[in-house]
Amino acid sequence: MKSTKQKTLHEIGGRTLLGHALHAAAGIEPEHLVVVVGHQRDQVAPAASAVAEQLDREILQAVQDEQNGTGHAVQCGIEPLGGFTGTVIVTNGDVPLLRPETIKKLQNTHESEGNAVTVLSMEVEDPTGYGRIMRLSDGQVSQIVEHKDATEKQRAVKEVNSGVFAFDGAILAEALGQLDSNNSQGELYITDVLSIARTAGHRVGALIAADPQELEGVNDRVQLAHVGKILNRRLVEDAMRGGATIIDPETTWIGVDVKVGNDVTIYPGTQLWGKTSIGQGAEIGPDSTLTDVTVEEGASVIRTHATDCTIGARATIGPFTYIRPGTVLAAETKLGAFVEAKNAQIGTGSKVPHLTYIGDATVGEHSNIGASSVFVNYDGINKHHTTIGSHVRTGSDTMFIAPVTVGDGAYSGAGTVIKDDVPPGALAVSGGKQRNIEGWVAKRRPGSEAALAADKAQNNSSDQK
């Protein structure tokens, strides 16, 4: 990956590769779930603990101090199980597309056929780099031959090992003690357990995966992007089958924890991440990015970037709107073009139409904030709160110098700087009477374009008189 971040901690669909693997494994509700950590475990171990907390279940951690192959990793992994003899399923942290249903099918096949080992295999057009599945005439698996150790004839086989296995726990423990590193890599291969089990007279089988894409691994950034696109297509299609209209699936990105209601319309260039939830009949996009946002039914969100906020039912947002954490918009509110909101609670039917910053504020119901207004919430050291009542009308270019309160039904004139509380029903104005200084341009800017234009206008006015 050429990264300071451990490989399995890179993300697709808003979840790490490790998180995808652990969610899939937890999806079959195993008695025990173990993650083997080794290289850069200072990063991986806390990430695994965080997934355990998300899943609300125990995930044991086994440490592989020296990375001596897949067989060695499994040796480390079964140690915390203390002689467990049931079915042991081994999967990988860099295979994020594997579904719980496929793992469960592997388990069922393994147990129903009475196998000692069952490998989840796949058929691919280009098997380069994969271990080849060698079968006997009766269909059983004789061995898996790694690509580097395979003959030309064996390399022609297109059924390959996915690296996902089901084992009889007791047979696995016994076979692991017989592994050796007599191979081109000088490592302990978990695949050698198959031939050891066969030699001992046990049955070894394989289940061919219905969808080879589920088993695609990630070893570099190109593969990361590739599997990310496959996952996104899966999630987008799930949303459409759930009743959402997605105008352009190729430019729409949806995270694994996002919920999309029916009759939602999503326009091109939209990204939905985190715990975002889109209510029935809402319209999102184009060109909108929502992270951990709750959008209630019937809302419209156009060209908006929003994080950790709530957008109420039938609210209208955008275009070019920025909503920061802590903002809660009630039903039928409006944040218009070039509005930024932070930690603002805006009541039902209230509007902040355009060109305004509203931060650390509470606005009542059915109020209107004039264009180009600023809630001046920061004094250089501390943030302060502004409270606007219900049915308030403030003029364009009003400055609210927090902390300040504007009472219900109050008005402000255009260009007002509100430093003190405004009583209910009052009109706040801060500017004095306008004063025009005649002849200022001719005196201070003689010969300028403005002076010539003014002189021409004055002459035309005199001629008309």
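How many bridges join β24 to strand β25 (residues 351–363)? Ten bridges join these two strands, which run parallel, where strands are DSSP runs of E with at least two residues, helices are runs of H or I with at least four, and both are numbered from the N terminus. This is a predicted model, in which local features need pLDDT of at least 70 and side-chain atom pairs count only at pLDDT 80 or more, while totals for chains, interfaces and linings use all residues. Residues are numbered from 1 along each chain as its sequence is written, and side-chain values use heavy atoms, with hydrogens and water left out.

**Domains and their contact**

- The domain assignment, which is automatic or taken from a database, gives domain 1 as 7–210 and domain 2 as 221–428, and the C-alpha centres of the two domains lie 46 Å apart.
- Eleven residues from domain 1 and eleven residues from domain 2 take part in the contact, which means heavy atoms within 4.5 Å.
- Between them, domain 1 and domain 2 bury about 950 Å², with 68% of it on carbon and sulfur atoms; buried area is the accessible area (1.4 Å probe) that two parts lose on being put together, summed over both.
- Of the area that domain 1 buries against domain 2, Ile12, Gly13 and Leu97 supply 49%, more than any other three residues.

**Polar and charged features of the interface**

- The rule finds one salt bridge across the interface of domain 1 and domain 2, a salt bridge being a side-chain nitrogen of Lys or Arg within 4 Å of a carboxyl oxygen of Asp or Glu.
- Asp257 and Arg15 meet through their side chains in a salt bridge, at 3.1 Å from N to O.
- On the side of domain 1 that touches domain 2, β1 (11–12) and α1 (17–26) each supply at least two residues.
- By class, that side of domain 1 has four nonpolar, four polar and three charged residues, where Ala, Val, Leu, Ile, Met, Phe, Trp, Tyr, Cys and Pro count as nonpolar, Asp, Glu, Lys and Arg as charged, and the others, Gly among them, as polar.

**Strand pairing around β24**

- Strand β21 (residues 316–317) pairs with strand β24 (residues 334–346) in the parallel sense over two bridges, pairing being assigned if DSSP finds at least two bridges between two strands; here Ile317 stands opposite Leu335 in β24.
- Strand β22 (residues 321–323) runs parallel to β24 and is joined to it by two bridges, and the bridge partner of Tyr322 in β24 is Glu340.
- Strand β23 (residues 328–329) is likewise joined to β24 by two bridges in a parallel run, with Ile346 in β24 as the bridge partner of Leu329.
- Towards β25, Ala341 stands opposite Ile358.
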